[in-house]
Amino acid sequence: MAWLVITIAGLFEVIWAYFMKQSQGFTRILPTIIMFVTMFTSFGLLSWSMKFLPLGNAYAVWTGIGIIGSFIVGIVFLKEPANFIRIVAVSLIIAGIILMKLSNKNV
């Protein structure tokens, strides 16, 4: 259950990062409100999952999902570049998340 919660927390991290960009430096009210609501939700779910998961694993997976998700959202919705080096870098992050998950199978 904790792994599911940390995954959902990571997805909320992607949402708040996207809306932080859309808030244009907190000058647009609705994106700013959405950002804060999803940020607090993400942190709350992360906090709950840390009751059951090792700190390093939970934080690495949460930030990894946020990084990968934000990378994909940036490319798909914000037309950010998807060059070879960026793709290799995010692939290494994915490999790291998988290894962190596998490093503690009994959690």
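Is F26 buried, partly exposed or exposed? In this predicted model, F26 has a relative accessibility of 47% and therefore counts as partly exposed, since that class runs between the 20% and 50% limits.

**Aromatic pairs**

The structure holds seven aromatic pairs. In one of them, the rings of F26 and F36 have centres 5.9 Å apart and planes at 15 degrees, so this pair is stacked. F26 sits in the loop between α1 and α2 (29-49), whereas F36 belongs to helix α2, and the pair thus links distant parts of the chain, ten residues apart. F36, at 36% relative accessibility, counts as partly exposed. The ring of F36 also pairs with that of F40, with centres 6.4 Å apart and planes at 25 degrees, so that this pair is stacked as well. Here both residues lie in helix α2, four residues apart, which is about one turn of the helix. F40 has a relative accessible area of 57% and is exposed. Elsewhere, W16, F43, Y59 and W62 form one aromatic cluster.

| Pair | Distance between ring centres | Angle between planes |
|---|---|---|
| F26 and F36 | 5.9 Å | 15 degrees |
| F36 and F40 | 6.4 Å | 25 degrees |

**The nonpolar core**

The largest nonpolar core has 14 residues, and those with the most contacts inside it are W3, I6, L53, V61 and W62. Two or more residues of this core are given by each of α1 (2-22), α3 and α4, and the largest share, six residues, comes from α3. V61 touches W3, I6 and I97, when residues up to four places away in sequence are not counted.

A polar atom of the T63 side chain lies 3.2 Å from the backbone oxygen of A60. V76 is also found in helix α3, but with a relative accessible area of 43% this residue is partly exposed. Between the C-alpha atoms of V76 and V90, which are 14 residues apart in sequence, the distance is 15 Å.

A82 is placed in the loop between α3 (55-78) and α4 (84-102), and its relative accessibility of 43% makes it partly exposed. Leaving aside residues up to four places away in sequence, A82 touches I75 and I87. The C-alpha atom of A82 is separated by 37 Å from that of K51, a residue 31 places away along the chain.

How values were computed
Residues numbered from 1 in each chain as written. Predicted model: local features only at pLDDT ≥ 70, side-chain atom pairs only at ≥ 80, totals over all residues. Heavy atoms only, no water. Buried < 20%, exposed > 50% of the residue type's maximum accessible area, 1.4 Å probe, protein only. Contact = heavy atoms within 4.5 Å. Core = buried A, V, L, I, M, F, W, Y, C linked by side-chain atoms within 4.5 Å. Polar contact = N/O pair within 3.5 Å; in protein donor to acceptor, adjacent residues only side chain to side chain. Phe/Tyr/Trp six-rings, centres within 6.5 Å; stacked < 30°, edge-to-face > 60°.
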